[in-house]
Amino acid sequence: MSTSPEELQGQVERILQSETFHSSVVLRRLLRFLADKTASGEADELKEYAIGIDALGKPPTYDPRQDAIVRLHIGRIRQKLGEYYRQEGKDDRVIVELPKGRFKLKCEVRQAPSPATPATHVDPPEPETRKPFRYWRQVMLGLSAALLASLCWGTYAAALLWQARRNQAGAWGPELEELWQPFIASKRPLVIAIADPLFIGLKGTDVFFRKISLRRPEDAAHSREVLALRKALGDPAIQTTFNFTPSGEGMSSFLLAKLLGTRKQDIALTRASQVLLSGLADNDVILIGPEIMFEQKLSGVQLHPDLVPAPGGIRNLHPRTGEPELFADAAASSKPDDGEVYALISSAPGPLGNTHFASFTSSRTWGRQGAVEAFTDPTLAKSVLDRIKTPSGAIPRCFQVVLKVRFRDGVPVDVVYVTHRAASSS
C-alpha cells in the first residue's frame, strides 16, 4: 500500500533519530535530502551532480566521473536502511527503501496479518458421565499444544540462527574478505591496540594536563607548562596516567570488533603503551593511534615505508610526479571538532613473517576513525581495493594507503582515497 508524502517524511524522521544513523551526519543529511525530493515529486529528475552540489556541499567543479562520493554514500544509505529494518525498525508500520539504480525513495505500509475468523459453533454441555474423558482429552490437548509450541520455537530459533549467519556473511562481501584475509585466515591471536596518550595529573587537584610532545612520564618534570601549573597550584606532586583514550579510537575498536568478531574467536583489546615489541612476533596486531605511538612499535615489522606519519600530516619520502613531500593537514578551524586531515594505513607481515600487522594513524582521532571506516565499510573498502590491486589482480603483501578524512562535529563525513604504495618488505 502506497503512502502519503507526510507519512514518508514522518518515517524518515523516525529513522534519522535511530541508533543506526546516529553516528553519520552526512548520511542523515543525504537521506533527509532524498526524502524531501521524493515528497515534492522531484526525485525522478535528480542527477548525481545535483546531489553532490546540493546535499553534500561539493564545489561547482565537482565531477561525478572522477569522484564517486555520491554513489558511495547512496550505497551506505541502502545498507543502513536494511540494517535499521532488521533491528530497530523491525516492527515499524511504514517501510522506506532506496531501490538500486535510483535516487527516489520507495515508501510502503507494512501489510498487517489478516484477522482470524471467529468460531461460531458452540458444543452442547457434556453429560456428567463424560467428565473423566473430557479431563484426559484436555491433558492430551495440552501436551500436544506444548509439543507444537516446542517445534515452532525450534523452527523459529533455527531460522534466527540461519538469518544471523547470513547477515554476518553478507556484512563481509568479497572486498572485505580480500583486505582482511591475512588476519581471518590466521590461527594466531589478534590484538587490537588503541592509543592511550600520557596525561599529567597534579596530586590533590582535579587538574589533568596533556601535551603531544610529552611522550614519557619522566619528561613531565622538565616541562615548562607543568612547572608553571605546579607553581600556580602550590607545587603539588606529579602523577602520570594512561587511563584515557580518544573517542575515535573507541569507535574504531567497536567497528573492528563488530566486523572481525564474526570470524575470529581470539581477539584482545589493549592499550598501546602495553604492547611490547615481542608481541608483534607472537600475535597478529592492529594499531590505532597518532604517529608518536609507532616509532618504537614498528621497528621489527617487515616494512620499508615510502610514507611515514609525521606531526601535521603524512611524510612522502619518495614523491611521485605531482605529489607533495608532505600531505599536510588543513589548518585548524575555529571549531576544533571540524576539519580535514590525512590518514595512513599500513599493512605488512610481522618480524618473523608468521604474523601480520596493520596500523591506522593520523594526527587527529577522527582521521583514524575515518581510516578504520574505510576498511570496515564494504563500499569504502571496494573503493580502496580497486586501487591497490596489482595488474594481476592480487593485493600486495605490504602496502600503504593515504586517505583524506573530512570530519564535522567530531564525526567523519567524507573519506577519499589519495594515493598508495606497494611497499617493499625485508
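Tutor: The protein has 12 helices and 15 strands, taken as DSSP runs numbered from the N terminus (helices are H or I with at least four residues, strands E with at least two). The model is predicted, so local features need pLDDT of at least 70 and side-chain atom pairs 80 or more, while totals for chains, interfaces and linings use all residues. Residues are numbered from 1 along each chain as its sequence is written, and side-chain values use heavy atoms, without hydrogens or water.

The part to look at is a hairpin, formed by strand 14 and strand 15. Strand 14 covers residues 399-408, and strand 15 covers residues 411-421. Between the two strands lie 2 residues. In this turn, Asp409 has a positive phi of about 55°.

From the turn, follow the pairing. Strand 14 and strand 15 run antiparallel and are joined by 9 bridges; two strands count as paired if DSSP finds at least two bridges between them.

Now consider how much of strand 15 is covered. Of its 11 residues, 8 are buried, making strand 15 mostly covered. Buried means under 20% relative accessible area, with exposed over 50% and partly exposed in between (1.4 Å probe, protein chains only). For the protein as a whole, buried residues make up 42% of the 426 residues.
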